[in-house]
Amino acid sequence: MHNPSTLARARAFTARALALGLIALAPLGAAQAADAWPSQPLKALVPFGPGSSPDQVARIVGEKAGAILGQTVVVENKPGASGNIGTFAIANAKPDGYTFGVSITGPLVNNTLLFDKLPYAPATDLAPLTLAVHQPNVLVVPANSGIDNVGQLLEALKKNPDKYNFPSPGAGTVSHLAVELLLQRIGARATHVPYPSSPAALTSLLSGDTQFAALPPIAVMSMVKDGRLKALAVTSSKRSTLLPEIPTLAEVGVPGIEGSAWIGFVISSKVPADIQKKLSDALIQAIRDPEVVKRLQAQFMDPVGSTPAEFRAYMDDELKRWEPLITKLGIKGQ
């Protein structure tokens with residue numbers, strides 16, 4: 001017969017061994033779960049409307065990244081509040097890595113200055129995945145405006161300080177700030193009218209509700225080519241290789257105005273780091289894919305595919321670049 005105390009000690013030893021075994025297996029289980037990601041379709045949220053530049057980037061890059069990851073990437077548009085609604089949805093998504101998104105200067109950088117309170121903190125609630133593309137804004141007017149060059153536009157603005165309105169895809173976007181900087185440099189006034197997307201802003205320009213704009217080339221170049229709009233300049237320090245025929249503002253007499261309508265991928269900072277890396281790697285690989293590069297360039301976008309650290313550093317630089325203008329003019333979000 002077994003001694004009861006010996007039996008009790010054996011049972012206790014077995015229980016401890018099982019417990020230790022389960023503890024040892026726990027990290028392995030977590031690692032296996034991460035290895036299994038993604039096991040279902042992913043969702044890419046876009047804080048702007050269908051047809052906008054961020055929407056195009058999400059669809060072109062998302063299609064290839066999904067193929068790399070072996071899952072479909074479904075794009076969902078959540079426009080409104082200068083991009084804050086959709087960007088908050090990215091930050092507030094379930095942190096399992098299946099929801100990520102694209103965003104731009106305003107919601108990721110400048111809206112921290114434009115709004116007294118945001119429902120999310122870009123620097124802490126969102127993790128950068130990669131800077132996807134740069135694109136210079138194009139300063140345009142309707143072809144029937146009677147304005148043929150930047151000099152004529154500036155003269156018209158100075159002579160009619162309360163007549164001109166300009167649209168943008170949101171307060172604090174480069175489309176907005178580049179024009180504000182231009183107005184400041186020449187000592188003129190015009191009224192800013194924010195819209196939920198570049199196509200909506202463009203519609204206002206064509207309908208006559210607004211009179212000039214600095215919008216992404218994807219939104220305007222087809223209408224420049226068919227004669228409905230006239231391109232006057234680009235908001236970049238040097239001519240775009242994708243738009244070599246359009247001069248810079250510096251070339252036409254207004255130096256120091258530079259702004260990229262960049263677009264980047266972000267995700268909730270609560271998503272595990274290993275899943276963030278997997279998604280970031282897939283997105284970077286997708287952006288650098290020759291076919292994707294070709295498709296992006298066809299939309300007048302210059303592909304980047306930066307590391308997350310490089311993207312974070314760039315956003316920090318953007319905040320330093322635009323903060324003085326936003327503060328000086330007292331610009332507020334709408």
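**Salt bridges, helices and contacts**

A: E76 and K43 form a salt bridge, with their closest N and O atoms 3.2 Å apart. E76 is in strand β2 (residues 73-77) and K43 in strand β1 (residues 42-46), so the pair ties together parts that are 33 residues apart in sequence. This is a predicted model, in which local features need pLDDT of at least 70 and side-chain atom pairs count only at pLDDT 80 or more, while totals for chains, interfaces and linings use all residues. Residues are numbered from 1 along each chain as its sequence is written, and side-chain values use heavy atoms, with hydrogens and water left out.

Q: What is a salt bridge, and how many salt bridges does the count come to?

A: Side chains of opposite charge can pair when their charged atoms come close. The rule asks for a side-chain nitrogen of Lys or Arg within 4 Å of a carboxyl oxygen of Asp or Glu. By this rule the count comes to 13 salt bridges. Helices (H or I, at least four residues) and strands (E, at least two) are DSSP runs, numbered from the N terminus.

Q: Is E76 buried, partly exposed or exposed?

A: The scale is relative accessible area: buried is under 20%, exposed is over 50%, and partly exposed is in between (1.4 Å probe, protein chains only). E76 is partly exposed at 26%, and K43 is partly exposed at 33%.

Q: Which residue forms a salt bridge with D162?

A: D162 pairs with R189, the closest N and O atoms being 3.0 Å apart. This pair links distant parts of the chain, 27 residues apart: D162 is in the loop between α6 (150-159) and β6 (165-168), and R189 is in the loop between α7 (174-186) and β7 (191-194). D162 is exposed, at 64%, whereas R189 is partly exposed, at 48%.

Q: Where do D281 and K277 lie?

A: An α-helix has 3.6 residues a turn, so residues three or four places apart point the same way. Both D281 and K277 lie in helix α10 (residues 273-288), four residues apart, about one turn of the helix. Their side chains meet in a salt bridge of 2.7 Å, N to O. D281 is partly exposed at 37%, and K277 is exposed at 52%.

Q: What should the span of helix α12 be?

A: The expected span is 1.5 Å times one less than the number of residues. Helix α12 (residues 308-329) has 22 residues and should span 32 Å, which agrees with its end C-alpha atoms being 32 Å apart. A bend is the angle between axes fitted to the seven residues ending at a residue and the seven starting there. Helix α12 bends by about 40° at W322, and the proline P324 follows within four residues.

Q: Which residues of α12 are buried?

A: They are F311, Y314, M315, E318, W322, L325 and I326. These buried residues pack against α4 (105-114), β4 (126-134), α7 and β10 (263-268), contact meaning heavy atoms within 4.5 Å.

Q: At what angle do the axes of α6 and α7 cross?

A: Two packed helices are described by the angle between their axes and the distance between the axes. Axes are lines fitted to C-alpha atoms, for helices over the stretch in contact, with angles from 0 to 180 degrees between N-to-C directions. The axes of α6 and α7 come within 11 Å and cross at roughly 75°. Helices α6 and α7 are therefore roughly perpendicular to each other, a term for 65 to 115 degrees (under 35 is roughly parallel, over 145 roughly antiparallel, the rest oblique).
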